[in-house]
Each structure stands twice: as structure tokens, then as C-alpha cells.
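Hi everyone, thanks for coming.

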Amino acid sequence: MVKQTIQIFARVKPTVRKQPQGIYSIDESEKVAPSLEIILPRDLADGFVNNKRESYKFNFQRIFDQDANQETIFENIAKPVAESVLAGYNGTVFAYGQTGSGKTFTITGGAERYRDRGIIPRTLSYIFEQLQKDGSKIYTTHISYLEIYNECGYDLLDPRHEASSLEDLPKVTILEDPNQNIHLKNLSLHQATTEEEALNLLFLGDTNRMIAETPMNQASTRSHCIFTIHLSSKEPGSATVRHAKLHLVDLAGSERVAKTGVGGQLLTEAKYINLSLHYLEQVIIALSEKHRSHIPYRNSMMTSILRDSLGGNCMTTMIATLSLEKRNIDESISTCRFAQRVALIKNEAVLNEEIDPRLMIIRLQKEIQELKDELAIVTGEQRTEALTEAELLQLEKLITSFLEDQDPESRLEVGSDMRKIHHCFHYLKKLLNDKKIYGKSTVSSEIKDQDCQETLQEEDYKKLRDILQQRDNEINILVNMLKKEKKKAQDALHVSSVDRNECKPTQSSPFPPGNLEGPRLLLSSTPTQVQDSTTFEHRSSLLQRKTGMREEMSLGRQEAFEIFKRDHADSVTIEDNKQILKQRFSEAKALGENINEARSKIGHLKEEITQRHLQQVALGISENMAAPSGPDQMEEKLRSQLEEEKRRYKVMFTRLKALKVEIEHLQLLMDKAKVKLQKEFEAWWTKEASRLQVNSAAGNPLSHTQPLPQVPESQHERPQLLSNNRSVFYSDVSARKILPSPCPTLCSSPEQTSTRASLDNSIPEKPVSSIPLTGDSQTDSDILAFIKARQNVLQKKCFQ
């Protein structure tokens with residue numbers, strides 16, 4: 001138990017330059033307590049005989065002058081209280097003073113600079129910093145924020161504060177238990193695990209406080225606010241729990257209504273504030289008197305909540321905020337007198353420890369069970385009632401831990417109760433039977449798994465065969481399209497050779513003159529293939545973004561769609577609409593910028609006209625002249641400019657609306673054209689695939705069912721390379737489809753003829769006649785090699 005009086009401190013607010021300064025002095029000598037002396041000079045207007053006191057002297061624990069910063073205030077006032085709360089004692093810090101003397105700035109702080117943080121945010125930072133350092137205990141922190149406005153309590157952390165009016169919110173009411181402990185109904189507790197969460201709760205509550213402008217203060221708080229930190233600590237394995245709470249109180253300022261001259265709602269608020277502070281002073285006076293038997297705590301809500309802080313189980317500190325301007329000297333003297341009476345109150349702070357109720361219940365239940373077992377052994381009576389569910393579950397846990405224990409000396413302790421012994425034997429028998437049944441079921445499940453695996457292998461074989469058929473159809477469609485493209489290129493080359501006589505074939509090279517792609521395509525080194533693969537992957541991604549088709553569509557099908565779209569009859573219309581749409585977008589963007597510029601100019605002209613009016617009125621008032629009756633030329637000019645800008649703004653806005661309608665119409669046409677194009681492509685693709693499937697089935701019906709022979713090692717290198725990097729084949733096909741090639745008689749060479757013959761002989765399962773070729777030996781060899789390599793891979797997967 002700690003017995004001490006309430007600690008009182010004084011803080012002087014910096015004065016405003018325009019207001020006359022009062023006379024005061026601070027004496028902080030080491031021999032005596034610091035004292036504040038306020039001097040009132042004698043006024044000659046009161047007469048020659050004047051018996052008023054000229055000096056008032058008050059003692060405090062410490063006095064902070066106008067140059068004291070927030071860090072100094074926290075270190076000397078709030079930090080010792082926070083340390084006692086961490087030790088398990090209750091603590092309270094409250095600020096008292098007239099309105100506008102700096103109470104809210106001291107408790108909460110200023111919002112402009114970080115160093116202006118008040119006692120509450122600095123206390124939260126200090127507490128959570130200490131909790132992180134101390135790892136020997138388990139801490140739990142909760143936050144509550146109460147507002148007392150017009151003698152009614154409200155929860156500032158209620159989420160309904162923003163959407164509801166103050167009258168619709170539930171009021172916080174006071175309940176008292178038989179031990180005279182106070183409980184607050186409708187006041188929520190919010191757990192805060194970090195400093196950030198606690199500060200967010202503080203900022204939320206501050207935004208919901210009642211603030212109004214008064215003649216004494218531009219942002220005067222019109223209510224009492226109590227920010228409470230509830231802290232619980234417990235050592236691991238200990239049954240003792242410590243509870244402590246810290247009240248940080250920001251009282252509303254007292255004010256003289258006759259001096260401020262407020263009315264209406266401000267007058268009602270001032271009456272409730274002064275009344276509650278009057279009841280607080282009555283409690284302070286009653287506590288300072290030694291032989292007083294009754295303390296009027298119940299007169300107001302604030303004194304009821306702060307019962308422990310005033311003369312109870314708490315370590316309390318008061319800050320008297322003083323505004324020592326000449327007009328506020330009387331109120332400052334009253335505040336100092338109140339602080340002197342508070343300093344006479346003694347509190348008895350007790351360490352708040354209690355035994356954890358849950359651990360106490362478990363210990364008592366165990367003790368009761370042990371006593372029952374001893375009683376049964378002594379009396380020899382056998383109990384006949386059935387075991388409870390909790391007892392059965394506990395026995396099963398003991399048996400499971402006994403069986404899992406590898407120690408041969410372990411024992412199963414169940415006591416002398418025969419009911420528990422019988423249940424243990426029955427449970428062990430059940431475990432043994434379940435183990436035998438599980439062994440039999442394991443053998444049968446293995447047999448079922450083998451059957452399922454065989455079924456899955458057949459299904460995988462069917463899926464692979466279907467995939468092979470689908471890929472063959474894609475290759476056939478692509479080859480047909482290549483033929484068409486090659487024929488177009490040959491026709492164009494033939495026409496140009498007839499007109500200009502520029503096509504002269506060379507015998508040393510199989511490619512036509514001017515074709516720089518031929519030597520590049522013959523390079524089969526690994527870096528070139530990797531580059532082609534990367535180029536085609538980039539191209540395929542562009543196709544997906546252009547066409548908007550699904551990602552699961554194969555690369556060959558996307559390439560076919562791009563060629564189909566290019567040759568479609570509506571492609572020119574789509575491109576024209578796209579260009580028009582781009583132009584309209586650019587025009588709309590430019591119009592939007594002009595409209596914003598015109599709007600800002602209109603606002604600027606209106607401000608100039610208003611300023612012109614104010615200047616004319618000010619000039620007339622200063623020179624006591626009547627306003628000129630004629631129109632002002634400058635104002636007329638500004639008004640004409642304003643009208644011109646308004647007409648320009650209306651014209652541009654009308655044009656922008658018309659452009660918006662036109663853009664929406666063009667976008668609708670584009671969407672319809674894209675949908676139509678995709679539908680026609682799907683129909684054409686399905687038709688081509690079904691036709692090729694019928695032709696291939698009529699030409700060689702057993703081509704997909706007969707096993708394929710292995711390819712010799714000499715012919716397996718290039719097909720295997722193409723099967724591992726399938727995108728290289730498509731890259732070569734897409735690169736060759738635009739090359740103009742002459743007739744086969746002009747471009748063929750003995751080397752190409754031998755290469756083609758060797759590749760034709762390496763495909764015994766599908767005749768060359770059933771595969772459509774392009775006429776280019778290099779392209780045909782790539783196609784045949786790719787088909788052969790893929791068939792070998794699929795064959796290996798099917799017969800593994």
C-alpha cells in the first residue's frame with residue numbers, strides 16, 4: 001500500500017502579444033517548495049483607501065513557465081504515473097483550469113507538429129515500449145474513451161457516432177455493485193495490441209468530441225473527456241493476475257457567463273460545465289476536511305467515475321493550467337486555490353492482484369476428485385452412477401498418452417475406481433479390434449487402387465489420342481492457309497517479273513534474289529531457335545490481347561484467326577472505325593482541357609468582380625463618400641469577358657456531349673464487328689476441321705490406331721529438337737508465309753531433293769499424299785519432322 005497526497009503541478013500558458021501581461025514570479029529555490037506569486041497592483045480608480053490584497057502566493061510540486069515544452073511536461077508529470085500503472089497500481093492525471101488556458105493542448109496535444117504531442121499519445125508510446133522490452137509477463141491492453149456532455153455520458157468509440165445524432169446514441173449509465181465498485185453500461189472496451197491501434201482509437205475519439213467556438217477560445221471543448229487504459233499482466237505458469245487502469249482526464253474549462261456574454265446552446269453548455277466543476281469542488285472540500293462523514297460523489301457523473309481517483313485506490317496527479325493575462329488574473333487565482341485544496345487529499349494506492357478464477361476452478365475440481373477417491377477407498381463403497389462425458393474423455397486421453405509413451409516403466413494411473421478400470425479395458429479391446437479390421441481393409445483397398453489405375457491408364461490413352469487428332473487438324477488447316485498465302489505471293493512475284501524483268505534465279509542459291517530471309521531460316525543453331533521462340537511467344541501474347549480470345553486457345557488457332565481477320569471483308573471497316581474513334585478520343589480530350597480552362601477562368605473573373613465590389617465599398621466607407629451612380633468601366637469589361645467565357649463554355653460542352661454520343665456509337669459498332677468476326681471464324685474453323693478429319697479417315701483409317709515404329713537415331717535429332725521447342729516450328733511457318741517463292745522447278749536443288757526424299761521415307765505410317773505440302777522443301781521438311789517427333793512422344797506416353 002502506498003499513501004501519498006495528490007501531486008499538483010502548475011503550467012503557465014504563453015500570453016498573446018495583443019493582451020496586456022499580468023505580473024507574476026516563480027521561486028524554485030532548493031530549500032522550500034516551488035511557489036508562484038501573483039501580484040495585483042493597486043488601482044487608483046478604487047480610491048485612496050484600498051484594502052485589497054496585492055500579492056497571492058501558492059506552492060506546487062513544480063511550476064512550468066511559458067517556455068516549457070511537451071516533452072518536459074510528460075517526463076515530470078505523466079511518466080511516474082505510467083510507471084506505477086505498469087507496476088500494478090491505478091493512476092490518474094487530470095488538467096484543471098479556465099477555458100482557453102491550455103488543458104486540451106497539455107492532455108491531447110496539438111495537431112500541427114509532431115513535437116506538440118500531448119500526454120495521452122506520449123503515454124501510449126511509453127507503455128507499449130515498456131511492454132515490448134519486458135518479455136517475462138503476458139500483457140493485455142484495452143482502451144475506452146468516455147465523454148460527459150451536459151451531464152450525460154457518451155461512448156466516443158461508438159461506430160454509430162458519424163451516422164447518428166447525439167440524441168440517438170445510447171447513453172452511458174453508472175451501475176454499482178454491493179462492494180461499491182463502479183461499472184459503466186454502454187461503454188465499449190477495445191483491445192489494442194500495438195501502439196498504432198491505440199493511437200487510431202485516440203484519433204477516432206477526438207474527432208467525435210463536442211467542440212465549439214467561444215469568445216475566449218476558438219476551439220473550446222464543451223465536455224469532459226476521460227481516456228482510460230486498462231492493463232492486465234500475468235507471469236507464465238502463475239495463478240496471479242495484476243489489473244491496473246490509467247485515467248487521463250481533460251476537463252472542460254470553467255467560464256464566467258457575465259464576462260463572456262454567450263447565449264443559446266453555448267449558455268446551456270456553460271451552465272452544465274460550471275455545475276459539474278462545482279460538484280467536483282464540493283467533493284474536494286469534503287475530502288480535505290478530516291471529520292467529514294459523507295462525501296457527495298453521487299452528485300455528478302464525473303465525480304462518481306473518479307471516486308477512486310479522489311481519495312481512493314489511486315495515484316493521482318493534477319495539472320493546473322494558468323492564463324496569466326491581466327484579464328484572466330481572477331480566474332487563475334481561483335484555479336490555484338482549487339489546486340491547494342486538492343493537495344490536502346490523501347490517496348491509498350493498493351497493488352491490484354487477484355488469483356486467476358479459471359485456474360482456481362481447475363484446482364478446486366481436482367482437489368474434490370481426489371477427496372472423493374480417498375473417501376471411496378476408506379469406506380469401501382462402490383459407486384454405481386455412470387461416468388460423465390468429461391471423465392470418459394479424460395480416460396481416453398490417458399490411455400492414448402500411455403500407448404504412445406516409449407518408456408517401459410510408464411504406468412496408467414486411473415485411481416481405485418472400478419468403473420474407470422473397466423472402461424480402460426473395454427477401450428483397449430476396441431482399439432485392438434479396430435486395428436485388425438483396418439489391416440483387412442488395407443489389403444482390399446490396394447486391390448481397388450490397382451483396378452482404378454488400369455482404368456485411368458485407358459482414359460489417359462483416349463485423351464492423348466484425341467489431342468493428337470486435334471493437333472493434326474490444326475496443322476492441316478495451317479498448311480492449307482500457307483498454300484493460299486504462298487500462291488498469292490507467287491502471283492505477285494510473277495506479275496512483277498513480267499513487268500520489270502527483275503526476277504533472275506541463280507543456280508548457286510535455292511532462294512530468289514533479294515530474299516534476305518532465306519539464309520537466316522537455314523540456320524538451325526540453338527541461339528537462333530531460342531530467339532525465334534521468344535519472338536513467337538511475344539507475338540502470341542499480342543494476338544491474345546488484340547483478338548480478346550481465351551488463353552486456352554492453341555497458338556496455331558490464334559495464328560489462323562489473325563490471317564482470317566486480315567482477309568475478312570469487314571477488316572477495312574474495322575480499321576477505319578478504329579482510326580475515327582482514335583481521332584474522336586483526341587478531340588474529346590482536347591475539348592475537356594479547354595472546358596476545364598474556361599471553368600477556371602470563369603471562377604477567376606467572378607472573384608475579380610467580387611474584389612472590385614469590395615474595393616468600391618471600402619473606398620466609399622473610408623472617404624465617407626456615396627457610391628458612384630454610374631457603371632464602373634472596369635467592372636463592365638470584366639462582366640463582358642465573363643459572358644464571353646460562358647458562351648464559349650456552353651459551345652464546347654455541347655460539342656463534348658455530341659462527341660460522347662458518337663464515341664459510344666463507334667464503340668458499339670466495333671464490338672458488334674468483333675463478335676461477328678469471332679463467330680464466323682469459329683464456324684469456318686469447325687467446318688475445316690470436320691472436313692479434314694473426314695478426308696484423313698477416308699485416306700488411312702488405321703493411321704491413329706496402329707503402333708508407330710521408332711525413328712532411327714540418325715533421323716531423330718532434328719525432330720526431337722522441334723518437339724521440345726514447338727514454338728520454333730510456328731515461328732518458321734509465320735516467317736515463311738510472306739516470302740514470295742518461285743515455282744518448284746526454279747528453286748529446287750539436288751541437296752533439297754535428297755533431303756525431302758529422306759524425310760519422306762522416314763514416315764511410314766502416314767503417306768505423304770495425305771499431308772498437304774507447301775512446295776517449299778525446307779518448310780515441308782520442318783512440317784514432316786515436327787509431326788513425326790510428336791507422334792513418337794505421344795506413342796511413348798501411351799505405351800509406358
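Okay, let's start with contacts across the whole chain. If you take the contacts in the protein chain with a separation of 6 or more, 73% of them are between residues 24 or more positions apart. Keep in mind as we go that this is a predicted model.

Now the overall make-up. The protein chain has 800 residues, and 38% of them are buried. As for secondary structure, you get 21 helices and 19 strands.

Let's go inside. Which residues touch the most other members of the largest nonpolar core? That core has 44 residues, and the ones to look for are Phe-60, Leu-251 and Met-318. There's also another core lying apart from that one, with 38 residues, including Ile-73, Ile-120, Ala-192 and Ile-319.

Let me zoom in on Met-318. Setting aside neighbours within four places in sequence, Met-318 is in contact with Ile-6, Gln-7, Ile-8 and Phe-9, among others. Also on the list of Met-318 contacts are Phe-94 and Tyr-96, and then Phe-338, Ala-339 and Val-342.

Next up, a pair of helices. Helix α3 covers residues 119–133 and helix α4 covers residues 195–207. How do they sit relative to each other? Their axes come within 10 Å and cross at roughly 160 degrees. An angle over 145 degrees counts as roughly antiparallel, so that's what we call α3 and α4. The crossing is right-handed, by the way.

Who's doing the touching there? On the α3 side you have Ile-120, Pro-121, Leu-124, Ser-125 and Phe-128, and on the α4 side Glu-195, Ala-198, Leu-199 and Leu-202. Sort those by class and the contact has seven nonpolar residues, one polar and one charged.

Last stop, a bit of backbone. Most residues other than glycine have a negative phi. Here are two with a positive value. Glu-151 has a phi near 65 degrees, and Glu-151 is in the loop between β8 (138–149) and β9 (152–155). Then there's Asn-186, with a phi of about 70 degrees, in the loop between β11 (182–185) and β12 (190–191).

So are these two buried, exposed or partly exposed? Glu-151 is partly exposed, at a relative accessible area of 30%. Asn-186 counts as partly exposed too, with 40% relative accessibility.

Technical notes:
Residues numbered from 1 in each chain as written. Predicted model: local features only at pLDDT ≥ 70, side-chain atom pairs only at ≥ 80, totals over all residues. Heavy atoms only, no water. Core = buried A, V, L, I, M, F, W, Y, C linked by side-chain atoms within 4.5 Å. Buried < 20%, exposed > 50% of the residue type's maximum accessible area, 1.4 Å probe, protein only. Contact = heavy atoms within 4.5 Å. Axes fitted to C-alpha atoms, helices over the stretch in contact; angles between N-to-C directions. Helix = DSSP H or I, 4+ residues; strand = E, 2+ residues; numbered from the N terminus. Parallel < 35°, antiparallel > 145°, perpendicular 65-115°, else oblique. Left-handed = near helix turned anticlockwise from the far one by under 90°. Nonpolar A, V, L, I, M, F, W, Y, C, P; charged D, E, K, R; others polar.
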